[in-house]
Amino acid sequence: MKKNKLAIVGVGHVGSYVLADAMKLGLFSEIAVIDKDEGVAFGEALDQQHATALTYMTNITVKAGDYAECGDADVIICAAGPSVIPSDEEEMPDRAGLAVTNAAVIREVMAGITKYTKEAVIIFITNPLDTVVYIAENDFGYPKGRIFGTGTMLDSARLRQIIAANYGIDPKSVTGYMMGEHGFTAFPVFSRLNVQGFGEKELDKVFGGKEPLDRETFRQKVIKTAFDVFNGKGWTNAGVAQAAVTLAKAVMLDEKSVYPVSTTLHGQYGYNGDVALSIPCVIGRNGVERQLEIGLDEQETAWLHESAKSIQETMKTVKTGKAFIGA
């Protein structure tokens, strides 16, 4: 790592939002954008460079380039690949539908990045996220901890928003997060959910919610809200872009912040190198510096195994090379 430099791979709906949010963060002296459509990359970089003159942030250099730009990057955020999810009109679209296409995209991206660096911290957004993270972490000899995905960070924010709305309180007063797949089988860790110390079993009595805190009902509310966004405008981008930039900030400032991000498990919950999913992790300058195996109750443990099984089924659809052996 040589300077405060960010590289963004893929500047479509999501990547362009990442670029805009990263500009506002003001942590990077240089931002490079890489896209298979060189014209789009050039236009996005030029547009954001012009924006610096309006905000007096003229010390930020924004440019388009190729994978060579990753060579001296501190952080790389990857939003490459299609984000529009194939679906039946009667059903919520499943991110797993992007698996075959985006697995090929990520292998191409990682081949490009690793030609120039194995030092940068790489943060993935591309779906199906957990499968993508597993490929990137395990097929390219990258140092442990320096690759991870945004995971259930956004899902967790949605959980806190939904809980807050039910009880008429500020979401910042809610402590809680989702684990597992970034997808249909994500689950809230209800046993650890609290509002300033008031736990799951106390919330209805203390705060008098609009409806009782039923676990499965609220789990499905969180899962569905992502698709409310998707079905409204055709994609999601603002929330997940902010999650990625928040993680980049945690890396650059060596915050040691704890977030639920997607990484390959190494012994946690009985999984050892055979699945990637979201658990709480300490994020610092070296990426994932610790994976935290928090105790789960019986139902949460069942949900975690259900989630791992779902991810492994998706992994089988893109089984090539070294990855997914025995999955």
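Me: Which helices each supply at least two residues of the lining of the largest pocket?
Reply: The model is predicted, with local features needing pLDDT of at least 70 and side-chain atom pairs counting only at pLDDT 80 or more, while totals for chains, interfaces and linings use all residues. Residues are numbered from 1 along each chain as its sequence is written, and side-chain values use heavy atoms, leaving out hydrogens and water. A pocket is an open set of points on a 1 Å grid over the protein atoms alone where a 1.4 Å probe fits, with protein on both sides within 12 Å along at least five of seven lines, and lining residues have an atom within 4 Å of a point. With helices (H or I, at least four residues) and strands (E, at least two) taken as DSSP runs numbered from the N terminus, those that each supply at least two lining residues are helix H1 (13–25), helix H2 (38–55) and helix H3 (99–114).

Me: What is the volume of the largest pocket?
Reply: Rolling a probe the size of a water molecule over the atoms shows where empty space is left. A volume is the space filled by probe spheres set on the grid points, which are joined across faces, edges and corners. For the largest pocket, the value is about 530 Å³.

Me: How many nonpolar residues are in the lining of the largest pocket?
Reply: The lining comprises 24 residues, with Gly10, Asp35, Lys36, Ala80 and Gly81 nearest the centre of the pocket. By class (nonpolar: Ala, Val, Leu, Ile, Met, Phe, Trp, Tyr, Cys and Pro; charged: Asp, Glu, Lys and Arg; polar: the others, Gly among them), seven are polar and five charged, and the nonpolar residues number 12.

Me: Which elements give two or more residues to the lining of the second largest pocket?
Reply: This pocket has a volume of about 180 Å³. Its lining holds eight nonpolar, two polar and one charged residues, and includes Met153, Arg160, Thr175 and Tyr259. The elements that give two or more of the lining residues are helix H5 (153–167), strand S7 (174–175) and S12.

Me: How far apart in sequence are the parts that the pair of Phe187 and Trp303 ties together?
Reply: The structure holds four aromatic pairs, in which rings of Phe, Tyr and Trp (its six-membered ring) have centres within 6.5 Å; planes under 30 degrees apart count as stacked, over 60 as edge-to-face and the rest as tilted. Phe187 and Trp303 form a tilted pair, 6.1 Å centre to centre with 40 degrees between the planes. Phe187 belongs to strand S9 (residues 187–188) and Trp303 to helix H9 (residues 298–316), so the parts tied together are separated in sequence by 116 residues.

Me: Is Trp303 buried or exposed?
Reply: Buried means under 20% relative accessible area, exposed over 50% and partly exposed in between (1.4 Å probe, protein chains only). Because its relative accessibility is 6%, Trp303 counts as buried.

Me: What angle lies between the planes of Phe198 and Phe207?
Reply: The two rings are 5.8 Å apart, centre to centre, and pair edge-to-face with an angle of 90 degrees.  Phe198 is partly exposed at 33%, as is Phe207 at 25%. Tyr167, Phe198 and Phe207 form one aromatic cluster, and the angle between the planes of Phe198 and Phe207 is 90 degrees.

Me: Where is the place of Tyr269?
Reply: Phi of Tyr269 is near 60 degrees, a positive value in a residue other than glycine. Tyr269 counts as buried because its relative accessibility is 14%. Its place is in the loop between S12 and strand S13 (272–284).

Me: Which residues is Asn237 in contact with, leaving aside its neighbours within four places in sequence?
Reply: Asn237 lies in the loop between helix H7 (215–233) and H8. Its relative accessible area of 7% means that Asn237 is buried. With contact taken as heavy atoms within 4.5 Å, and neighbours within four places in sequence left aside, its contacts are His13, Val14 and Tyr17.

Me: What distance separates the C-alpha atoms of Glu200 and Leu213?
Reply: Glu200 is placed in the loop between strand S11 (198–199) and helix H6 (203–207), and counts as buried at 15% relative accessibility. Leaving aside neighbours within four places in sequence, its contacts include Leu213 and Arg215. Glu200 and Leu213 are 13 residues apart along the chain, and their C-alpha atoms are separated by 7.8 Å.
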